[in-house]
Every structure is written in structure tokens, then in C-alpha cells.
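My entries follow the structure.

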Amino acid sequence: FLIYNEELEGTTQVTRNLVTVGINEVVVSKSGAVGTRIEFAGGTLRDVEYDTGFGKIHVNVRTKNIMTLQEKHSLRIVIDYNLEMDGEVISECKIDILATDK
């Protein structure tokens with residue numbers, strides 16, 4: 001598990017993130033200014049609902065690739081995915097997380 005907070009650009013609103021790492025799967029749960037739960041698993045297409053301060057947005061997340069590298073004092077997670085609406089790619093995305101010991 002990884003837990004971290006992020007501020008939305010231009011605001012003081014905070015979103016709490018919980019990242020759960022499993023075998024060939026990563027789940028990102030957000031709560032606060034933005035709320036969602038995204039399950040990433042290689043080659044899958046998932047329906048996702050983002051709860052924003054302006055309303056709810058429905059998108060599809062197509063996971064292209066997940067890489068996790070765990071070493072003695074660090075964990076790196078890289079996820080390549082597309083956001084899709086109505087079968088069309090609206091954004092090609094990448095999450096790259098590096099967590100290290102304090």
C-alpha cells in the first residue's frame with residue numbers, strides 16, 4: 001500500500017490517494033476533492049466514474065502495460081493506459097510512481 005496527498009492545481013483542495021499493488025494489478029483510490037477507484041490490469045478495459053466538484057464523469061480506462069519493480073529500499077510502479085469515451089481515445093496517459101524509504 002502507498003498513501004499520499006495531492007493538491008489540485010490552483011487550489012488548496014486536497015485529494016487523498018491510496019495505491020494498492022497486487023500481482024499484475026494496481027488499484028488507485030482517490031477521495032476528497034476528487035473521488036474515484038481505478039483498477040489497472042494489463043490488457044483490460046474498465047468503466048470508471050470520476051466524482052469531481054463539478055459533477056460525475058464516466059470514462060473507460062484501457063490498461064496497456066503495468067510494470068512494478070521492487071528493490072530493497074524502493075518500489076517503482078509504471079502504468080501506461082488510455083482514457084476512452086464512446087470508444088474513442090481521449091488521452092494517452094502514464095503513471096510513474098517511485099516510493100523510497102525515508
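How many salt bridges does the count come to by this rule? I took a salt bridge to be a side-chain nitrogen of Lys or Arg within 4 Å of a carboxyl oxygen of Asp or Glu, and by this rule I found that the count comes to six.

Before going on I noted that this is a predicted model, in which local features need pLDDT of at least 70 and side-chain atom pairs count only at pLDDT 80 or more, while totals for chains, interfaces and linings use all residues. Residues are numbered from 1 along each chain as its sequence is written, and side-chain values use heavy atoms, with hydrogens and water left out.

**Entry: lysine 30 and glutamate 6.** I looked up this pair and found their side chains meeting in a salt bridge at 2.5 Å, N to O. The pair links distant parts of the chain, since lysine 30 sits in strand β3 (residues 25–32) and glutamate 6 in strand β1 (residues 2–7), 24 residues apart. I used strands as DSSP runs (E, at least two residues), numbered from the N terminus. Glutamate 6 counts as partly exposed because its relative accessibility is 31%, where buried means under 20% relative accessible area, exposed over 50% and partly exposed in between (1.4 Å probe, protein chains only).

**Entry: aspartate 96 and arginine 76.** Here the closest N and O atoms of the salt bridge are 2.6 Å apart. Aspartate 96 lies in strand β8 (residues 88–100) and arginine 76 in strand β7 (residues 74–85), so this pair ties together parts that are 20 residues apart in sequence. I read both partners as partly exposed, aspartate 96 with a relative accessible area of 41% and arginine 76 at 34% relative accessibility. I also recorded that salt bridges with shared partners join Arg37, Glu39 and Arg46 into one network.

**Entry: lysine 56 and glutamate 49.** The side chains of these two residues meet in a salt bridge at 3.7 Å, N to O. Lysine 56 counts as exposed because its relative accessibility is 52%, whereas glutamate 49, at 34%, counts as partly exposed.

**Entry: valine 19.** Leaving aside neighbours within four places in sequence, I listed its contacts (heavy atoms within 4.5 Å) as Phe1, Leu2, Tyr4, Val26, Val27, Val28, Ile77 and Ile97. Valine 19 and lysine 30 are eleven residues apart in sequence and 8.9 Å apart in space, C-alpha to C-alpha.

Note on methods
Helix = DSSP H or I, 4+ residues; strand = E, 2+ residues; numbered from the N terminus.
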